[in-house]
Amino acid sequence: MCGFAGIYEYGRTEGAVTSELVRRMRDTVAHRGPDGEGEFVAEDRRVGLGHQRLAIVDLVGGAQPMFGAQGECLVFNGEIYNYPRLRRDLERDGARFVTSCDTEVILHLYARHGLACVEHLNGMFAFALWDPSEQRMLLARDHIGEKPLYWADRDGRIVFGSEIKALLEHPAFQAEVNDAVLPAFLTNLVSPSPSTLYRGIFKLSPGTMAVCDADGVRVTRFWDVFRPRAWDHPVGREASVKVRDLLQTSLDDRLMSDVPVGVLLSGGLDSTTLVALLQGRAQGLATFSVGFEGRPDIDERAEAQRVAAHFGTDHHEVTIGESDALKFLPGLVHHQDEPLADPVCIPLNFVCRLARANGIKVVLAGEGADELFWGYPQYQRVLERWRYIRTILALPPWLRSQVPRMVRASRHPYARELLDGVATGRPLPAHLPLGLSRFDQREILRNDHGLDVMGWRPSNHGEAGERPLERFVFDTQEYEFGLRLPELLLMRIDRFSMANGVEARVPFLDPDLVNYVYRLPLDQKLRADQTKIVLRRAVADIVPPWVLNRRKQGFGAPVVDWLGTRFGEIFRMVITSESMRRYFATDALLRALDENRRLSRKSSLWPVLNFALWHRHWIEGESLDPLLERLASPSGRE
């Protein structure tokens, strides 16, 4: 796992790239790769690539940038899990390798297949490959979006990197707010791909690649799990057997490492499955948990301890409180680059820090299982209400349009938003909106300019022909795998594992496993009384019954409690600044804070606070330390 940055001045005859500039950009992501560094600047100074390395495979021979036989230059972040097989096939066809590192496989694949090299890769990856013979730069992001890649194009120059902060070191790019994305950010807790909250800076979407040559930048998709929107129907026990085989293969692949591997363990079904599948290898396996004292509803340490004792792992845990979170606040905003308004970022940072402190550089995590196997209570709630939704959908359109008016948006904004979706004939996906409803946004935003509040559309927008429940299921899966999972959940674990020099791997998101489970019919995954049906069947012989039957417990942070104390004081300090009055009706926000009145839910203030802190640090260029100092002083707490 690594970090990189680069420049290609494709529209200029005289280059201005310097080693100093490349190093400055590269050094902003030094935390992603503390084990080594390197840079390359082309003779004509039109191309520069910088790399920071976290050594996981081939600790000695994997230095980057890495060069191909024809002068190709590659910087790479991630792991290619099928590289042993790819290497054998390439060697059989005459390729000669000089390292045992998976990075070199990409160079040989490119020499053999050109731009189609990405279609052969199975792993988590983002990379930039410069081809001097074709005078083109290839950028690519993995199938699911586990690894990030940001880019900007201006005045004949493309600048890119693993994190946005690298791009901001280039003098041609300034940190400016992309106002048009603010409503979608408040809805989704993150900016939808390919946009970011920075004007002119984009993120490469999952399963896409960008090619930059003399004609500019072109982005194309090399993998699409969304189409066709059709089910596969396995026979008998076929699905559970297939899931078990694919998951075991995925886990085995993700043990590829020349350093120790651990597991982030909550004690729930997903993380316990990972430990159970390791079987004999679990003895002495390092496992890590995080919790909050006094909050049993979000503290899973007791369950994690029970699982660790059952399998004999070497278990470690950390407890955090509001003071720990406050001290980490500047680091939270720094490492996010743009707001990821999910409170889970905080415990993730501390549990990954715990892993690194215990000598573990690679951890396995259960991300993606709930989305893939339909494990959230929200899914069950929609299914329980579906007969009512179906009744409304069966009404004539003119009558259906009147139903939402029976619910006052000021009192029940999320119910109203759900019914508005039903009234259109297309219910919103589960989990949308994640953050503020559009009714809340009308109350707190100075001007939404009629912008896109949702920031998402299904792949078959405008098409007809699907039954209502089938359409809802596919819409939900597309929202999860197209926006929420890659841009929020996977980015939070990427940011805060890498902030601590740790690589996180997610076995439930192997592309082969995703391709198979994604199209299993709903009844293989969810009933009103049970979630993750096919996964439970697949691992029933190795996961203890008390885990299989355990009710799902949420993973989060007690930000609602914190907003009532010192985080609330910070909220008041930042939201009343002149810069925030440009965006928000601050009086409405302060009433919500002071009167303990829900906008829709109290946690809706958290994305607003995240935006305000991001703006102060990244847009206004101010340190957040004075806020904490004011909070600590007697006068600042009056």
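Let me begin with a term: a residue is called buried when its relative accessible area is under 20%, exposed when it is over 50%, and partly exposed in between, with a 1.4 Å probe and protein chains only. Strands, for their part, are DSSP runs of E with at least two residues, and helices are runs of H or I with at least four, each numbered from the N terminus.

What we have here is a predicted model, in which local features need pLDDT of at least 70 and side-chain atom pairs count only at pLDDT 80 or more, while totals for chains, interfaces and linings use all residues. Residues are numbered from 1 along each chain as its sequence is written, and side-chain values use heavy atoms, with hydrogens and water left out.

I will start with strand S9, residues 157-161, where 5 of the 5 residues are buried, so the strand is largely enclosed by the rest of the structure. On one side we find Arg 157, Val 159 and Gly 161, on the other Ile 158 and Phe 160, and all of them are buried, which leaves both faces covered.

Now to its neighbours, bearing in mind that two strands pair if DSSP finds at least two bridges between them. Strand S8, residues 150-154, pairs with S9 in the antiparallel sense over 5 bridges, and Arg 154 stands opposite Arg 157 of S9. The hairpin of S8 and S9 has 2 residues between the strands, and there Asp 155 takes a positive phi near 55°. Strand S1, residues 2-8, is joined to S9 by 4 bridges, and these two also run antiparallel; within that pairing, Ala 5 has Gly 161 as its bridge partner.
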